[in-house]
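Open the model in your viewer and keep the selection tool at hand.

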Amino acid sequence: MLAVHLISFFFSKLQEDPTKMVDRFLHAMRLHDDQLIDISARFQAEMKKGLSAESSAAAAVKMLPTHVRSTPDGSEKGQFLALDLGGSKFKVLQVKVREGMGVRKGGVEMEEKIYPMSKELFNGRAPELFDHVSESLKDFLHVKNISLDKKHPLAFTFSFPCEQTRLDKGLLLSWSKNCRARGLQGKDVVQALREAIDRTGGMDIEVLAMVNDTVATMMTCGFDDQYCDVGLIIGTGTNACYMEELRHVDLVEGDEGRMCVNTEWGGFGDDGALSDYITEFDQDVDATSINPGKQIFEKMVSGMYLGELVRLVVLKMAKLGQLFDGLVPDALRTKGKITTAHVAAMDEYKNGLKNTRDILVELGLNPSQDDCVAVQHVSTIVSFRSSNLVAAGLAAILTRIKQNRHLRALRITVGVDGTVYKTHPQYAKRLHKVVRRLLPECQVRFVLSDSGSSKGAALVTAVAQRLASRKRQVDETLAPFKLSQEQLQLVKATMRAGLEAGLKNKGPSAVKMLPSYVYHTPDGTERGKYLALDLGGTNFRAMLVKFKKGLQNNTRLYHKIYTVPLEIMQGTGEELFDHLAQYVSDFLDYMGMKKAHLPAGFTFSFPCEQTAIDTGILVSWTKGFKATDCEGHDVVNLLREAIKRRNEYDLDIVAVVNDTVGTMMSCAYEDPQCEVGLIAGTGSNACYMEELKNIEKIRQKKQKTEGDEETPEAVEDKDDGSKGDKKAETSETSKMCINTEWGGLGDDGSLDDIITPFDAEVDHNSVNPGKQRFEKLTSGMYLGEIVREVLLDLTRGGLLFRGRVTETLKTPGIFQTKYLSQIESDRLALLQVRSILQHLGLDSTCDDSIIVKEVCGAVSRRAAELCGAGMAAVVDKIRENRGLDHLNITVGVDGALYKLHPHFSGVLQETTRVLAPQCNVTFLPSEEGSGKGAALITAVARQKRDR
Ligand code: 0WK
Ligand code: 0WK
Ligand code: BGC
Ligand code: BGC
């Protein structure tokens, strides 16, 4: 006998180290980093498939939208009931979030009771299963003495794959783990619960939200950690969710913000994507499961299967005589005899080996030390593979989040729950280590959900309630900006009345309708070299324009832009014009034409009363200008005097034009049908060719002067040198361009019904309160301010920026209109919106950014619609002037708002089309600004003057 022991001991010494034997036997399960990286890459590909509308239906990794759009932000509160079904335990809970007695400040109070959930119920019919759930709920209300009469909001954690169209509706796609109750697949689980609650009766429950346990776990951990954007379950089943950019979730409308996606990664490999990693043991586990071919990844990872995997491996090794001298007791042949709890026990650091012996003895074996070492090592390898696979899956998710957020390094927290992760000592540590090894550039924190997922489910419900109430309040705030067709029709009519009134009376009218003394659009005969000076909204521009012989657009332009400092815009008139004269001097130096004595056209984008082409009495400053001693003065003289004061060059200022007129002329040079000019920039204004006979103030003036002698102009008009047709033309020189100055519409209160308190505030804080009301609803100078006022109001209401009214937000002019254009561009993910807000010193959440974008959209849309209504009034007037049923006309347009804002021009055009259906209006953006137009007018005026 001793001899036998010596031989077997010697043999065993000869025999190799049992762990080496197991390593070889299970080499397919021992995954190296490059394999994990490969699996991670495959999983990333699967995620993309699941997210894209084309391939999601067939995707193995379902990537289910959860309609949870944000993680907790600290404002959730309320009392909720919660059901937690699908994990190893079925729980009913009451969750008090920051509310109710004894809840420590900012804390959450929870009461829970676990109710048995028998196999029969899981394998029976769904209605019975849900009856048991609702009866347990009713029992819980009794036990916890919670009133049955009060309406209770309920959060439902249901840990199976559901296709959700909204938070409180989800169709069960398929059962998993150990449940397969009949009659629920493809049906709405929330409806099934509501029906069961009605069947049980005697309680008033409002099921507000259904969430997957991964989502609830993420929210639970997100309560204390704002970086928690991933939820992970490694329990009976396994799964993960994370906050994905909504624009990547094809199956959900909108591309603003984020949405939590339940990956259902348990299905990874169901399409064969993991076939080269599937071992025979995995195939056996799958073949004997209730859902063969399904949840392949889950069956390699989760607690429901780890024990079985170990059993099958040990069984095979025993059969091959590598263990227990080939003894194979029945217990070892019996499914489920080795549980995951056994695997955890065997894998324990200190007592693992002892536990292994106890477990094997329990199975009716008498294991040798090596057997125990070998079996323990099998458990280690099986659990190690599980944590490695989870690490590969997590690495894929975290890499995707990093890419989504364009970050080089990602700081993130993963909220975790599940018996395997919680009770399997080595598991968590191994997982953390491998994830950090696979993603060295990521700072990953793992937080164990200490109280199950229901806190999270309650928070989802609280968030749902908060988001719903906030959306309602934001919509209420923005409703006055949403103009109805009727209101826009009314604005059109009001504008029309303003045009008519302005043409009629000599005195002040809201829409000033200022004659420009430009009688016709260019005819291509213009020749020569001209200097065009352009004082617009934000800049002063000097331009040299040359018109040469031969084909149409033969113009050469050289220009230079100068920024007019605020203190000059609001200083003295003398300083302002000295500055302009200095800019001109700099430009002539730059062009080497100081001695040229050029003819110049002066685009002056402010309302000027003109009595001739080269005079313009400034009526009133607009757009933030308020230089003194200018209003009521002839701006041409002010410039001439400034040039004289410099006494280093001379200009022949032949014409002064409004930028709308300059823009119309510039565009008419390209398209003769252009008879309207529109500026949608810092300011807002339009001009158009009006019938002379309708311009009463001209006629009146003419009649008055004609009364006492023949007026030179009239004579002048008669012959402007171009013989023949010119002669003909003068007789029917029937039109003159009118600078409407429509910015003043509403100065007489005619727009008060659509002016909101925010508009009133902007007007109040402007340098010209009560003036330019239409402009203050439509132009770039003010849109940013309107948005800021709305954001202030929403923040004061606690709906934005966590209710924190920062100095930044109170700073006028901080929200420049260019930000609107940036924020509203479709290409721009909300991230960039956030960085713009960050840049403005406004720390915002995703939801905040959504609201900011919505406010910008509402304000800019209204501006475009109002301009469209104004333009409809102008073109319809021209059509009626000419007694036409249908008018084809072109509008020359310029201005940063029209040219740079992503939606403004489209909404303006659409509104004009709808409100002036008998006009076919082409909008032609002017290429080179109004300078060319000014030069054209100067060319015509000089021809006439010098003839
Ligand atoms: C506890 C959570 C529950 C989840 C479970 C998963 O409260 O929602 O389903 O963890 O772990 P398991 O119980 O399946 O091990
Ligand atoms: C460019 C024109 C200029 C006009 C300006 C308006 O050349 O005359 O004043 O557009 O646009 P803003 O600069 O105000 O956006
Ligand atoms: C289910 C998931 C669930 C996971 C963890 C899986 O079997 O399909 O919905 O999140 O188990 O409980
Ligand atoms: C001025 C107009 C100008 C418009 C666009 C308004 O503030 O009153 O003269 O055309 O801005 O620049």
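**Stop 1: His-132.** Select His-132, which counts as buried because its relative accessibility is 18%. Buried here means under 20% relative accessible area, exposed means over 50%, and partly exposed lies in between (1.4 Å probe, protein chains only). The residue sits in helix 6, residues 126-143. Helices (H or I, at least four residues) and strands (E, at least two) are DSSP runs, numbered from the N terminus. Now show the contacts, meaning heavy atoms within 4.5 Å. Leaving out residues up to four places away in sequence, His-132 touches Phe-90, Pro-116, Met-117 and Leu-121.

**Ground rules.** This is a predicted model, in which local features need pLDDT of at least 70 and side-chain atom pairs count only at pLDDT 80 or more, while totals for chains, interfaces and linings use all residues. Residues are numbered from 1 along each chain as its sequence is written, chains are lettered from A and ligands numbered from 1 in the order in which they are written, and side-chain values use heavy atoms, with hydrogens and water left out.

**Stop 2: Asp-23.** Move to helix 2, residues 18-25, and pick Asp-23. With a relative accessible area of 13%, Asp-23 is buried. What does Asp-23 touch, not counting residues up to four places away in sequence? Look for Arg-30, His-377 and Ile-381.

**Stop 3: Ile-401.** Next, select helix 15, residues 369-404, and find Ile-401 in it. Is Ile-401 buried or exposed? Ile-401 counts as buried, because its relative accessibility is 0%. Show its surroundings: not counting residues up to four places away in sequence, Ile-401 touches Asp-229, Val-230, Tyr-242, Met-243, Leu-410 and Ile-412. Then draw a distance from Ile-401 to Gly-528, C-alpha to C-alpha. The two are 127 residues apart along the chain, and the separation is 61 Å.

**Stop 4: two loops.** Go to the loop between strand 20 (615-618) and helix 22 (635-646), where Asp-629 is placed. Check its backbone: Asp-629 is not a glycine, yet its phi is positive, about 55 degrees. Asp-629 counts as exposed, with 56% relative accessibility.

Now jump to the loop between strand 24 (735-739) and helix 27 (757-764), and select Glu-741. Glu-741 is a residue other than glycine with a positive phi, near 55 degrees. At 4% relative accessibility, Glu-741 counts as buried.

**Stop 5: an annotated span.** Zoom in on residues 230-463: the span is 50% helix and 14% strand, and its end C-alpha atoms lie 17 Å apart.

**Stop 6: the whole chain.** Zoom out. The protein chain has 35 helices and 26 strands. Its C-alpha atoms fill a box of roughly 145 × 65 × 50 Å along the principal axes. Of the 947 residues, 59% are buried. Count contacts with a separation of 6 or more: residues 24 or more positions apart account for 72% of them.
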